[in-house]
Amino acid sequence: MNYNIGVIRGDGIGPEIVAEAVKVLDHIAAKYHHSFHYTEILMGGCSIDVNGEPLTKEAIAAAKASDAVLMGSIGGDAKTSPWYQLPPEKRPEAGLLGIRKALNLFVNLRPANLYQELKEACPLRDDIIGDGFDMMIMRELTGGLYFGERKTEEIDGKMTAVDTLIYNEDEIRRIAIRAFDTAAKRRKKVTSVDKANVLDSSRLWRKVVEEVAKDYPDITLEHMLVDNAAMQIVKNPRQFDVILTENMFGDILSDEASMVAGSLGMLASASLNDTKFGLYEPSGGSAPDIAGKGIANPIATILSAAMMLRFSFDLDEEADAVENAVQQVLKDGYRTIDIMPQDNSKKNTVKQVGTAEMGDLIVERI
């Protein structure tokens, strides 16, 4: 099969970790007789440097012409980078919001599962971890505070900022349907996270989710306030199957979940629209402090590529091969620096490797 893949290498460690994911995809193509054609797309800080803006019309057109897009990390050091002297709408992260909206990527899937091999990297106690956990955080991606009207102005002599949180019932319903469909293929439980005791948007969210739940009698639905959900992720992560939530809550909770899974460098991500098209990226940031040092963890990006094989290309066997290879590398005792054991006495049981070597090890095991 032939597939066209847009590649956004991004900023910071982005080019390094994307290179390893492409290396894995090339090996999959050779082994399973596929053809992957790559189109380079500039977005983020690197696009600002070349084009003066984080996302151009040409970049959007190239992404739309692709069957899927693989993306690295976007952004830089907010304290030192000249990108952050620009107005907010001209900064690298504005490109992220822009491409999500332009491609109608309304659902973001972030799996957070704890590999048994990484239990020593998890900050939680063994009695909390148990046999591990496996949750899928489903974040609405094109609504809420991040896309509502905003302004900063002087009112009665005081600078006042306003951000508007807006959701309509259709936006909530389509993400809820995706959550229940996903749960039906997993452990048949949806935890809808909101702040319905305070926010009107959350009360509408809860009402619509309950309406959708009626069409899925075999799926257990529970509601949980976001502050309680944040606590429960560290208190008992094993209770969760699919977590359904709005944009900002999902942004925060998925980062929390990544850390109890060992490292942000392990958390893959898929952003999907209502077709087979998707944008696949690691959930972590651009980590400019380690860029170019060859120590970044490429696993989240490689697992994101596996999600692309599965969700956009329907290549389940190939996706399984990548995921199994990642797990085998961890079983064989190889670690990047971010997932090294916290206990010094256990560090001699594993071997620390760099970005490119981790990619090579995964390729060898496919």
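Start by selecting strand 4 (107–113), strand 5 (134–140), helix 6 (169–184), helix 10 and helix 11: each gives at least two residues to the lining of the largest pocket. Helices (H or I, at least four residues) and strands (E, at least two) are DSSP runs, numbered from the N terminus. A pocket here is an open set of points on a 1 Å grid over the protein atoms alone, where a 1.4 Å probe fits, with protein on both sides within 12 Å along at least five of seven lines; lining residues have an atom within 4 Å of a point.

Before you click on: this is a predicted model, with local features needing pLDDT of at least 70 and side-chain atom pairs counting only at pLDDT 80 or more, while totals for chains, interfaces and linings use all residues. Residues are numbered from 1 along each chain as its sequence is written, and side-chain values use heavy atoms, leaving out hydrogens and water.

Back to the pocket, which holds about 1,100 Å³ of space. Show Met 136, Arg 186, Met 307, Arg 310 and Phe 311, the closest to its centre of 38 lining residues. Strand 4 supplies the largest share, five residues.

Step just past the helix to Gly 333, with its positive phi of about 90°.

Technical notes
Grid points are joined across faces, edges and corners, and a volume is the space filled by probe spheres set on the points.
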